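Have a look at the sequence and the model first.

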Amino acid sequence: MRAPRPAPAALSRRIADELAAAGRPLDAVALNAGIGVNGDFTRDIPLEDDLRLIAVNVTAVVHLAKRLLPAMVERGAGRVLITSSVAATMPGPYYATYAASKAFLQSFAQAVRFELKDTGVSVTALQPGPTDTEFFDRAGMDDTKVAEAKKDDPAEVAKDGFEALMAGKDHVIAGSVKNKAQVAGGKLLPETARAGLHAAQTKPDKDD
């Protein structure tokens with residue numbers, strides 16, 4: 001039997017306590033953890049999997065930001081990188097809660113950034129596209145077109161994120177030019193069209 005995973009509140013409290021015990025100010029933090037699930041929302045994905053995704057992708061980020069940002073604001077210095085996604089810019093059929101979680105993070109990062117604009121603390125949203133990591137396998141997306149297509153080098157994505165963080169940018173669309181074109185082109189399309197384009201990449205082959 002697997003040991004239960006720590007709840008976001010307990011985990012964020014532990015991280016904050018360990019940072020405080022170290023006695024060193026936190027200059028920068030990357031809130032990057034995220035998981036995905038794939039399939040038809042009503043038929044394929046158990047509720048507990050969607051709720052776990054929300055706990056990791058959304059709740060944990062809010063908990064950590066709430067615990068770590070006040071000390072940065074008090075010092076008047078700090079940098080925060082929140083990993084969103086190009087998926088945040090369009091509806092994401094067949095991983096609906098994942099795309100929605102990234103839309104939340106994108107909005108959250110930009111809203112908090114605005115609130116902190118005069119504090120010396122910056123918040124940057126990192127928006128990678130498909131990246132060559134274990135994400136697709138762990139999310140059960142191996143049988144999708146996006147998993148089979150060429151992906152960005154994670155080192156290049158990390159470099160883009162780091163440079164944007166250190167420059168204090170509001171966001172960066174990381175990786176290939178294709179990602180930037182996708183976001184720019186998507187803005188010209190209605191939601192239904194964007195959902196259809198996205199679905200073509202994320203629909204499991206077994207549903208064909």
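What follows is a short tour of the salt bridges.

This is a predicted model, so a few ground rules apply: local features need pLDDT of at least 70, side-chain atom pairs count only at pLDDT 80 or more, and totals for chains, interfaces and linings use all residues. Residues are numbered from 1 along each chain as its sequence is written, and side-chain values use heavy atoms, with hydrogens and water left out.

Side chains of opposite charge can pair when their charged atoms come close. A salt bridge here is a side-chain nitrogen of Lys or Arg within 4 Å of a carboxyl oxygen of Asp or Glu. Searching the whole structure turns up six of them.

Start with Asp27 and Arg75, whose side chains meet in a salt bridge at 3.4 Å, N to O. Asp27 sits in the loop between helix 1 (8-22) and strand 1 (28-31), while Arg75 belongs to helix 2 (residues 47-75), so the pair ties together parts 48 residues apart in sequence. (Helices, H or I with at least four residues, and strands, E with at least two, are DSSP runs numbered from the N terminus.) Asp27 is exposed at 52% relative accessibility, and Arg75 is partly exposed at 38%. Exposed means over 50% relative accessible area, buried under 20%, and partly exposed in between (1.4 Å probe, protein chains only).

Next, helix 6 (residues 154-167) holds Glu163 and Lys159, four residues or about one helical turn apart. Their closest N and O atoms are 2.9 Å apart in a salt bridge.

Elsewhere, Arg138 pairs with Glu134 at 2.7 Å. Finally, Asp40, Arg43 and Asp44 join up in a salt-bridge network.
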